[in-house]
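Here is a short report on a structure. Look through the sequence and the model before reading on.

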Amino acid sequence: MITPNIEALSLGELRYIAHKQGIEDADMMDREDLLEALEEVYEESEDSLSGEGNSYSPSNQKRFMNTLVEHAVDIFTGALPGVEPLPEGYSETRIHLLLKNPYWAHAFWSICPQDLHKLDQAFDSFSFFLRVTMHMSPDQRLPEESYDIDIQISDSSWNINLPERGRVYSVSLYYRDPEDGVGLLCQSDTVSTPKSYWLDHAPKLAEDDARFSLLFSSLVSKGGVMVENPLLREVVERIDEQVGG
Amino acid sequence: MARNTIGLVLNAHMPYVRHPEYPRFLEEDWLFEAISETYLPLLRMLKRLRQEQVPFAITMSLSPTLCTMLSDPILQGRFTDYLRLHQELGQKEVARCEFEDSECQRLALMYLETINKNLEDYFETYQCNILSGFRDLEESGHLELITTAATHAYMPLFSEYPSAIGAQVELAVQSHINHFKKRPKGFWLPECGYFPGLEEYLQNEEIEFFQLAAQALVLSEEPVQRGNYAPVSCPNGVFGFARDFHLTNLVWSNAEGYPTDPVYREFYRDIGYDLPLDYIRPFIHEPEVRVFTGFKYYAITGKGNDKQFYRPDIAKKRVQEHAENFLYTVAQKGERLAPSLDRDPFYTLAFDTELFGHWWFEGIDWLEAVLRGAAKRGDIAFETQLDYLAKYPESQVLQPSLSSWGEGGYSDVWTDGKNVWMYRHILKAIERMEELAIRFPGQSSLKQRFLNQAAREVLLAMASDWPFIIHNGTSAMYAEKRMRNHLGNFNVVYENMCKNAVNTEWLVKAEKRNIVFPDIDYNMFNLNSTRNRYNG
């Protein structure tokens, strides 16, 4: 039998364990009643456990199972008692952009109820879209570009494709009104995707065996498996093209 | 003849798991397995080499959460129970195998002997705190102890929050000073997660070097001169050492690494799962949660389920072969590289410490054979990153590239479909913590403790362990519960402080539950606050 430290558990957790122990009317009981009922249950089983031998002996000691996190049950964790149910979003109009890798970022946002209310008041209908902006390069040789993604009002996150490496991106949340007018709700901080010298100079590596070996000898395993990385793969592909050409 | 130097970095980390509210807790076994199967045997091996005057120097990172748990009296007591439980199981197994399974009896005796040695070392040599063993090896010059982020946060995903990154680095150094009485000179980036600019935070804490993923230098914006065979100096003077994937993969590869050899011990065939429940019940988690016991009797053999019994004598020979193969590969590599390098190569090999002994049973024996073999040769030496920097204080100045050692080389592991939802809440908690630090600066007494606890909870929520565990799908519910509850705890403080109130009863319980970072100062989340440097 198992013995949780029931004094440490919350009311919700106690009720959960009480149900598991088959205690009737657990939902009606207050904390003291639950503790009393559970103590009775555990006392009964202690008597059947205590045995011979050294009291220190581990097999005579009490054991505990983490009854509140089932190990093999498909339950939404946030619904378990004793587990914090975090909100769907926060009462603010804000958008974040997290860089996953050089080609993908993850955007998530929330819109505060007051802003939604204002839109409801202002328009009969409206929709949202994300605008992904690739900012002008610092040397201004590459212009700013952007593309839009239509989303549902109920959406709160999206994986964003980043079409070009080595650029700076941000994402903005806009609304669109029935007359196709648009308005900015919020904009994220920027993220920078990495640039790599050898991506732009791969042909040099194709012509320089010694340099290629120096760089790649630490990146490829004995069995010929290269470090898993999309930019490295691209470098190798460009070298292959150069050699093949 | 080229002289090859290996900079071996062992990263020892466990997520902060401590549940004093329960008499026993399943996930605490992660720590106990690591201590009994890796840390204690590793300490024995390194001390044996030292005693025999085998020259070596390696770098080891011990995470703040791990150090806290290793020093915690409650967990020390529980580990003692764990060892005694396994000793009892060992005695029972020896008796059972004598009549039922004579092949296994030798193995049962072997495991029982290790447990007995662990008991002796844990009590008599270390008085239940094995950190003293690592400190001792550092004092004799055989280990360089470094630290890692306070709660092992994967830092590139928090790069927009300087207070959070600063707190992870500052508290890590603080923790290291508390446990080892000196400032660390090196820093293990969790998951080798690097973003350009991270070195500024390290420099603020007098860190001199850190390690990088294998591709971090090759993919930088400027061409790296010496590949991964020498460190680079970031523009601010902190050095970055990139891993050698080729040499590391000789060991750490599921497909082709040494540990996959068929004669080595199979990890997944354990009596905790194989033997009848009635027999094994007292030694697993009630009521029927089977767990690994460490009593494993089969060799890998092949991909199927038909396994042969494990033969330690055959495995020992293979260990020696693999050690020699490794050293041969290093030497040959040095010869090939010599024409392309203007200095002897330095190979950074970084591993999770728990690979040796726990995941790869023969790993510690292999490490010993490699260190002994290197010592006999004239062309391979094990030295630390600091040894290298003393010899070569100048290196190419280069900004490494954004990188990690996770699948894909970036942040995908920690932002997949199953775990990316966490960041909405964690980043909000960081912002609110900053708000609290600004609104309530320089508090004392109960409010200070309350706010400090909030800071602890935010940092614990930031641990990379939770999204990683969820990504892997093992103990996912536990990881999610932990992350949610830390944020829930933070919210208790936030909501109370918004009413300028302190919940003392809650605070006392929370402080007892999460005792990590006793010297934390919540003001570190206010970047404008003036604070004194912590020196212990």
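Which backbone nitrogen does the side chain of Thr93(A) reach? In this predicted model, the side chain of Thr93(A) reaches the backbone nitrogen of Cys112(A) at 3.1 Å.

This is a predicted model, in which local features need pLDDT of at least 70, side-chain atom pairs count only at pLDDT 80 or more, and totals for chains, interfaces and linings use all residues. Residues are numbered from 1 along each chain as its sequence is written, chains are lettered from A and ligands numbered from 1 in the order in which they are written, and side-chain values use heavy atoms, without hydrogens and water.

The side chain of Thr93(A) also makes a polar contact (a pair of N or O atoms within 3.5 Å; within protein, one must be able to donate a hydrogen and the other to accept it, and residues adjacent in sequence count only if both atoms are side-chain atoms) with the side chain of Asp115(A), at 2.4 Å. Beyond four places in sequence, Thr93(A) has contacts (heavy atoms within 4.5 Å) with residues including Ser110(A), Leu185(A) and Cys186(A).

The table sets two residues side by side. Buried means under 20% relative accessible area, exposed over 50%, and partly exposed in between, with a 1.4 Å probe and protein chains only.

| Residue | Relative accessibility and class |
|---|---|
| Thr93(A) | 18%, buried |
| Gly417(B) | 75%, exposed |

The C-alpha atoms of Gly417(B) and Gln332(B) are separated by 43 Å, and these residues are 85 residues apart along the chain.

Of the 245 residues of chain A, 44% count as buried.
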